[in-house]
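Let's take a walk through this protein together. Keep the 3D view open as you read.

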Amino acid sequence: MKRRGDEFLNVAAHELRTPILPILANAELLRDKIKTGSRELDTIFRNAVRLQQLSENILSATKIDSNSLTIQKEEFDLNTLIGQIIEDEQHAIEKRNLRIVFVPQTSNLPVLADESRIGQVIVNLLDNAIKFTQEGQILVTSEMMKEEIVVRVHDDGPGIDPQIFPVLFSKFASRSPSGTGLGLFICKKIIEAHGGTIHARNSSAPGKSGAIFTFTLPALR
Ligand SMILES: Nc1ncnc2c1ncn2[C@@H]1O[C@H](COP(=O)(O)OP(=O)(O)OP(=O)(O)O)[C@@H](O)[C@H]1O
Ligand SMILES: [Mg+2]
């Protein structure tokens, strides 16, 4: 019974992706055409992106549950990927008093990893930071430390609810009315499938609140 339920979810999430792509592409084209900006178009765009991410997350979660999450490794520069994702995410916060700052500590970060899956991790971490931070800054850093690549996402939000810490990376651990609680579960599985680690803590620095998520990936040798 559970398997049939998973299969249904898998097919539904897959089918959802097909109509979302042209909605997104056309909203993007229109946005480029209407230089003055449009609140209605922004709403369409934001929700189409949300729908796309949701279907990606559901697909990944069903794959994790059936042990069929595949990792296709290739060599790429992690800083370039982070930069591209941040550029896309800037659109979502354009009109808010919030900005994402990327400070790579090491200029080139070649990795052997699944680029789209690592992208999914970064998107999920940034989405959370954007969702839980009313205003201020989201600081993203990346660096090579010994044999590891370390990426950090530090936001200015209220920090992680202490009650959720023990189950933070479990499925459906959500404290957000609009959340499904799949994001961090997927992040952990993807990072671990690459031989890396992921953890979270709240900032203890005076005057700087917020959540800090850190993931590592083995450096390319
Ligand atoms: N940056 C953050 N600041 C504060 N709390 C956070 C942050 N990131 C995650 N959390 C907490 O961890 C919970 C689980 O996060 P997760 O990304 O797995 O789910 P979600 O964001 O609620 O839903 P989904 O990612 O599936 O849309 C969140 O609901 C929230 O309580
Ligand atoms: Mg999330």
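What follows goes from the overall fold to one helix and then to the salt bridges.

First, some housekeeping. This is a predicted model, in which local features need pLDDT of at least 70 and side-chain atom pairs count only at pLDDT 80 or more, while totals for chains, interfaces and linings use all residues. Residues are numbered from 1 along each chain as its sequence is written, chains are lettered from A and ligands numbered from 1 in the order in which they are written, and side-chain values use heavy atoms, with hydrogens and water left out.

Now the fold. You'll find five helices and seven strands (DSSP runs numbered from the N terminus: H or I of at least four residues for helices, E of at least two for strands). Starting at the N terminus, the order is α-α-β-α-β-β-α-β-β-α-β-β. Of the 221 residues, 41% are buried, where buried means under 20% relative accessible area, exposed over 50%, and partly exposed in between, with a 1.4 Å probe and protein chains only. Among contacts between residues at least 6 apart in sequence, 72% join residues at least 24 apart (a contact is heavy atoms within 4.5 Å).

Next, zoom in on helix 5, residues 183-193. Its buried residues are G183, L184, F185, I186, C187, I190 and I191. Their cover includes helix 2 (39-65), helix 4 (115-132), strand 6 (198-202) and strand 7 (211-218). Just after helix 5, G195 takes a positive phi of about 80°.

So where do the charges pair up? The whole structure has three salt bridges, each a side-chain nitrogen of Lys or Arg within 4 Å of a carboxyl oxygen of Asp or Glu. One is in helix 5 itself: E192 and K188 meet at 2.8 Å, N to O, and they sit four residues apart, about one turn of the helix. E192 is partly exposed at 40%, and K188 is too, at 27%.

Another joins E56 and R17 at 3.0 Å, N to O. E56 lies in helix 2 and R17 in helix 1 (residues 2-33), so this pair ties together parts 39 residues apart in sequence.

In the remaining pair, the closest N and O atoms of K171 and D65 are 2.6 Å apart. K171 lies in the loop between strand 5 (148-154) and helix 5, and D65 in helix 2, so parts 106 residues apart in sequence are tied together.
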